[in-house]
Amino acid sequence: MEFQGYRRLDGRVGTRNYVGVISTVVCANEVAEDIARQVDGAVSFTHHQGCCQTPVDIRRVNETLVGLGSNPNLAAVLLVSLGCESTAVEEVAAGIRQAGKQVEIIGIQEIGGAARTRAEGTLIVQDLVAAASALRREPCSITDIVLGMKCGSSDTTQGLSATPAVGFASDTIVAAGGTTIIGEITEFIGAEHIMAAHAATPEIGEQVLDLVRRMEDRAKAVGCDMRGGQPTGGNIKGGLTTIEEKSLGAIAKAGTAPIRAVYEYGVRPTTKGLVVMDSPGREPEILTGLAAAGCNVIAFATGRGAPQGFPFVPVVKLTGNARTWEKMRDHMDLSVAGIIDGSESLPAAGQRLVAALLEVASGKRTRAEITGYTRAMDIYVTGPVI
């Protein structure tokens, strides 16, 4: 129950050792991507936020960028700014430095255009990567795992195999003293009473129900009924007929451990055990939220074959659909199809998933990392662009 990780100055453990090149506003995305592309050992994070937004959403962007830069899978950070954005760039840098990381800032308008910024930023990142490359992995306990949990492109096999296997892995990590985070509040709908009963206290259960009410109220404010808009077309093709069926499969990721706390989007848990994070179900936003909350590895269950990974947090894809395993092999890391055909028990599949997560935490690359299917990310905001 150990893995080889990078212990950071704040005590957390990274499963990767990248230098992060983080765009602070949508207008700086191309430059951040170009800088990271030039340096082996660097990865970029880009998004579509940071300007012309309400104060509530700008605060969300600032906090999420701090969380992302503080993630233990990053050794150091370069923030790429345009120069006129609403993002509080200096405050973001100060927040990341509190995690003990070296943080540099580069501004496109101040330097004088994209070409000069790419050149200067590349030299800065080369130095940061050189310093990071001197760090070495060391034995770490499973208690240092912060597991994010996600499911997507769901079908009927998923809720019977892949998500219960994730739930088994969550229970194993929690029992050992680690932390697991479940989000996708949209996929509690219709089964939220079960999740509320899952809580350690009635107060926490009420917080879970409140997240669902908030999510539905946001949809109702624009005239939408989420209970009539789900499942998606792809879910229906996969055999799911109601949102209740979809949600029952999704919440199986929670396993059997009690929910110990409820957090807002991207907030780092201060409680060990299973916790809930407010987030939508769409991949770009929830994966970003899990990374900002400090997850150092993510388990992603899929029925039909969702391909997305994340720039600097390894995402382990598992499926219980034998056809998906065959047809989407360049995106899948683990098959638990034996649960469906009866050739493997759920505990056995869950134990294989735990072993796979520890291997990946020790450095084994996921399919998403190998293929580079990691770049289409975003930050979850709730208000209008103004």
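**Entry 1: aromatic pairs**

I searched the whole structure for aromatic pairs and found 3. I counted rings of Phe, Tyr and Trp (its six-membered ring) as paired if their centres lie within 6.5 Å, with planes under 30 degrees apart as stacked, over 60 as edge-to-face and the rest as tilted. I note that the model is predicted: local features need pLDDT of at least 70, side-chain atom pairs count only at pLDDT 80 or more, and totals for chains, interfaces and linings use all residues. Residues are numbered from 1 along each chain as its sequence is written, and side-chain values use heavy atoms, with hydrogens and water left out.

I looked up F45 and F310: the ring centres are 5.9 Å apart and the planes stand at 35 degrees, so the pair is tilted. F45 belongs to strand 4 and F310 to the loop between strand 12 (297-302) and strand 13 (315-319), 265 residues apart. I took helices (H or I, at least four residues) and strands (E, at least two) as DSSP runs, numbered from the N terminus. F45 is buried at 1% relative accessible area, and F310 is buried at 2%. Ring pairs join F45, F310 and F312 in a cluster.

I then looked up Y265 and Y380, both of them buried. Y265 lies in the loop between strand 10 and strand 11 and Y380 in the segment after helix 16 (367-371), so this pair ties together parts 115 residues apart in sequence.

**Entry 2: salt bridges**

I searched the whole structure for salt bridges (a side-chain nitrogen of Lys or Arg within 4 Å of a carboxyl oxygen of Asp or Glu) and found 15. One of them joins D34 and R118 at 2.6 Å, N to O. D34 is in helix 1 and R118 in helix 5 (residues 114-132), 84 residues apart. R118 is partly exposed at 30% relative accessibility.

I also looked up E264 and R214, whose side chains meet at 2.9 Å, N to O. E264 sits in the loop between strand 10 (259-263) and strand 11 (273-277) and R214 in helix 8, so the pair ties together parts 50 residues apart in sequence. Relative accessibility is 35% for E264, which counts as partly exposed, and 26% for R214, also partly exposed.

**Entry 3: pockets**

I used a 1 Å grid over the protein atoms alone; a pocket is an open set of points where a 1.4 Å probe fits, with protein on both sides within 12 Å along at least five of seven lines, and lining residues have an atom within 4 Å of a point. The largest pocket holds about 430 Å³ of space, a volume being the space filled by probe spheres set on the points, which are joined across faces, edges and corners. It has 16 lining residues, with A42, V43, S44, T374 and R375 closest to its centre. Helix 1 (29-38) and strand 4 (42-45) each supply at least two residues of this lining.

The second largest pocket has a volume of about 370 Å³. Its lining has 17 residues, and M215, R218, P280, Y380 and V381 lie nearest its centre. Helix 8 (residues 202-220) gives the most to this lining, with 3 residues.

Key
Buried means under 20% relative accessible area, exposed over 50%, partly exposed in between (1.4 Å probe, protein chains only).
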